[in-house]
Amino acid sequence: MEPLYWVIGYILFLNVYLYWIMGKDKESARRNTARIPERHIFLFSALGGAVGTYMAMYHFRHKTKHRSFKIGIPAIIIIQSILVILLVGALN
């Protein structure tokens with residue numbers, strides 16, 4: 001299997017995972033039970049799941065008032081987009 005398929009699968013998996021994690025954390029916040037650490041969310045967002053985090057933020061209305069998330073997640077998406085553009089340019 002081509003490495004590109006592995007990369008696409010990895011990115012897809014991370015984004016679905018982060019989307020699910022944000023939903024679980026919102027539910028935990030409502031029930032006042034154990035929460036997902038923000039550093040966990042940021043770490044996996046930085047590793048490729050930022051789009052899933054961003055989508056979940058607004059779908060679940062979760063972490064949208066946290067400045068670190070309102071600025072940090074879009075910043076990660078921009079940085080990752082630039083890296084992808086540079087990588088694609090370097091491969092051509």
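**Entry 1: the whole chain**

Among contacts in the protein chain between residues at least 6 apart in sequence, what percentage join residues at least 24 apart? I looked it up and found 67%. Contact here means heavy atoms within 4.5 Å.

A note to myself on the ground rules: this is a predicted model, where local features need pLDDT of at least 70 and side-chain atom pairs count only at pLDDT 80 or more, while totals for chains, interfaces and linings use all residues. Residues are numbered from 1 along each chain as its sequence is written, and side-chain values use heavy atoms, with hydrogens and water left out.

Next I listed the elements and found three helices and zero strands. Helices (H or I, at least four residues) and strands (E, at least two) are DSSP runs, numbered from the N terminus. Read from that end, the order is α-α-α.

I then checked the extent of the C-alpha trace, which spans about 50 × 30 × 20 Å along its principal axes. The chain exposes about 6,700 Å², and carbon and sulfur atoms supply 69% of that area. Accessible areas come from the Shrake-Rupley method with a 1.4 Å probe; for residues, only the protein chains shown count as cover.

Of the 92 residues, 27% count as buried. Buried means under 20% relative accessible area, exposed over 50%, and partly exposed in between (1.4 Å probe, protein chains only).

**Entry 2: helix α1**

I started with α1, residues 3-31. Its 29 residues reach 42 Å from the first C-alpha to the last, close to the 42 Å expected at 1.5 Å a residue. The expected span is 1.5 Å times one less than the number of residues in the helix.

Which residues of α1 are buried? I noted L14, N15, L18, I21, M22, G23, D25, K26 and S28. What covers them includes α2.

I21 counts as buried because its relative accessibility is 6%. Leaving aside neighbours within four places in sequence, I21 is in contact with I36 and I41. I also checked I21 against A46: the two are 25 residues apart in sequence and 15 Å apart in space, C-alpha to C-alpha.

N32 has a positive phi of about 60 degrees although it is not a glycine. Is N32 buried or exposed? N32 counts as exposed, because its relative accessibility is 70%.

I found K63 in the loop between α2 and α3. Phi of K63 is near 70 degrees, again a positive value in a residue other than glycine. K63 counts as buried, because its relative accessibility is 7%.

**Entry 3: T53 in helix α2**

My next stop was T53, in α2 (residues 38-59). At 0% relative accessibility, T53 counts as buried. What does T53 touch, leaving aside its neighbours within four places in sequence? I wrote down L18, M22, I41, S45 and I73. Of these, L18 and M22 are also among the buried residues of α1, and I73 is one of the buried residues of α3.

**Entry 4: helix α3 and its packing**

I looked at α3 last, residues 67-91. Its 25 residues reach 36 Å from first C-alpha to last, close to the 36 Å expected at 1.5 Å a residue. The buried residues of α3 are F69, G72, I73, I76 and Q80, and they pack against α2.

How are α2 and α3 set against each other? They pack at an angle of about 100 degrees, with their axes 9 Å apart. Axes are lines fitted to C-alpha atoms, for helices over the stretch in contact, and angles run from 0 to 180 degrees between N-to-C directions. The two helices are therefore roughly perpendicular to each other; that term covers 65 to 115 degrees, with under 35 as roughly parallel, over 145 as roughly antiparallel and the rest as oblique. The residues of this contact divide into 14 nonpolar, six polar and two charged. Ala, Val, Leu, Ile, Met, Phe, Trp, Tyr, Cys and Pro count as nonpolar, Asp, Glu, Lys and Arg as charged, and the others, Gly among them, as polar.
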